[in-house]
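Work through the exercises below with the sequence and the structure side by side, and try each task before reading its solution.

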Amino acid sequence: MTPPLDISGLVDSLLLTVLVCGFSLLIRRDVTLRLLVVLSVLLVCSIVARFAALPPLIRVMDAIFFSVPVVLAVIFQQDLRRSLLALGSRQKLSAVSVDDITEMTDEILKALASLASRHIGALIVLVRRHPVEHLLQVGTDIDAKVTSELLDSIFLPYSPIHDGAVIINQGKITRAGCLLPLSHNPDIAKSFGTRHRAALGLSEATDALVLVVSEETGKISCVHDARITYDIDLADLKRLVRKSLELQHAA
Ligand SMILES: Nc1ncnc2c1ncn2[C@@H]1O[C@H](COP(=O)(O)OP(=O)(O)OP(=O)(O)O)[C@@H](O)[C@H]1O
């Protein structure tokens, strides 16, 4: 027997879908828009199935809608993990002047430009609000002022800590030679090797801004929020670096 058209159940499902999609849009706009199209098609199928009294199709549609929250949780697991981690452990914050931020931004940009012009590969992590320590492997502790000379010399090929990433946190260079988690994203362009994959891996798990200088092309990329912006515009780069340094000290 065909289940009767349950208007309140339908409104219930619609509201739940709108709520879940609204929440998802806040996390990942690109994926959510595609999901929204799929869910709309499924919803139309479900309504048509009820009007046309097709019990098998209704059962299939109900099962699909029932599993939507689980499917969304799987799709957004990286983002949920990142948000939950951030809730649990905010950075300890310190005060810094606007001039300090400007100086550090200029030093980082100067180092990137210098490294890029000589095709010296580099990987610099600007920690923002989320902690990254639990994701780093190996590395040498440093507690130094952010200067272009130091960044430059760390990445020189004969430096013992040139392999891996430099970490900048709380306005200081805190570590160098760190291994970052590699991204398992299958869609990453084949032209990107492990340096870019490592940058992407960290940005999938935290809100860090990761800067990459390609040894091969001399181009600077900015990796943030699980996205690589290859050969980034210098004005955009400056804005993002500045914003990240501000966040390291924000109240
Ligand atoms: N897990 C990792 N964490 C941090 N750095 C890494 C990691 N794996 C590799 N690297 C760095 O990446 C370098 C190798 O870069 P590779 O050429 O494979 O990458 P790429 O993305 O093609 O970069 P490039 O354009 O500079 O060649 C290593 O020498 C090392 O410094």
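## Exercise 1: The ligand shell

Task: Find how many residues surround the ligand and which are the closest, and then identify which helix gives the most to the shell.

Solution. In this predicted model, the ligand is surrounded by 17 residues, and the closest are Gly193, Arg195, Ala198, Ser214 and Glu215. The next step is to assign the shell to secondary structure, where helix H7, covering residues 194–205, makes the greatest contribution, with four residues. Sorting the shell by class then gives seven nonpolar, six polar and four charged residues.

## Exercise 2: The sheet

Task: Determine the order of the strands in the open sheet, and explain why one side of S2 and of S7 is left without a neighbour.

Solution. Begin with the inventory of the chain, which has eight helices and seven strands. The open sheet consists of seven strands in the order S2-S4-S3-S1-S5-S6-S7, and their pairing is mixed. From one strand to the next, the twist averages 20 degrees.

Now look at one pairing in detail: strand S6 (residues 220–224) and S7 run antiparallel and are joined by three bridges. Within this pairing, Val223 has Ile228 of S7 as its bridge partner.

## Exercise 3: Helices on the sheet

## Exercise 4: A helix pair

Task: Describe the packing of H5 and H6 by its angle and the distance between the axes, and list the residues that make the contact.

Solution. The geometry comes first: H5 and helix H6 (residues 148–155) pack at an angle of about 35 degrees, and their axes are 8 Å apart. The crossing of these two helices is right-handed. On the H5 side, the contact is made by Glu107, Ile108, Lys110, Ala111, Ser114 and Leu115, while H6 provides Ser148, Leu151, Asp152 and Phe155. By class, the residues of this contact comprise five nonpolar, two polar and three charged.

Technical notes:
Residues numbered from 1 in each chain as written. Predicted model: local features only at pLDDT ≥ 70, side-chain atom pairs only at ≥ 80, totals over all residues. Near = placed C-beta within 6 Å. Nonpolar A, V, L, I, M, F, W, Y, C, P; charged D, E, K, R; others polar. Pairing = 2+ DSSP bridges. Axes fitted to C-alpha atoms, helices over the stretch in contact; angles between N-to-C directions. Left-handed = near helix turned anticlockwise from the far one by under 90°. Contact = placed C-beta atoms within 7 Å.
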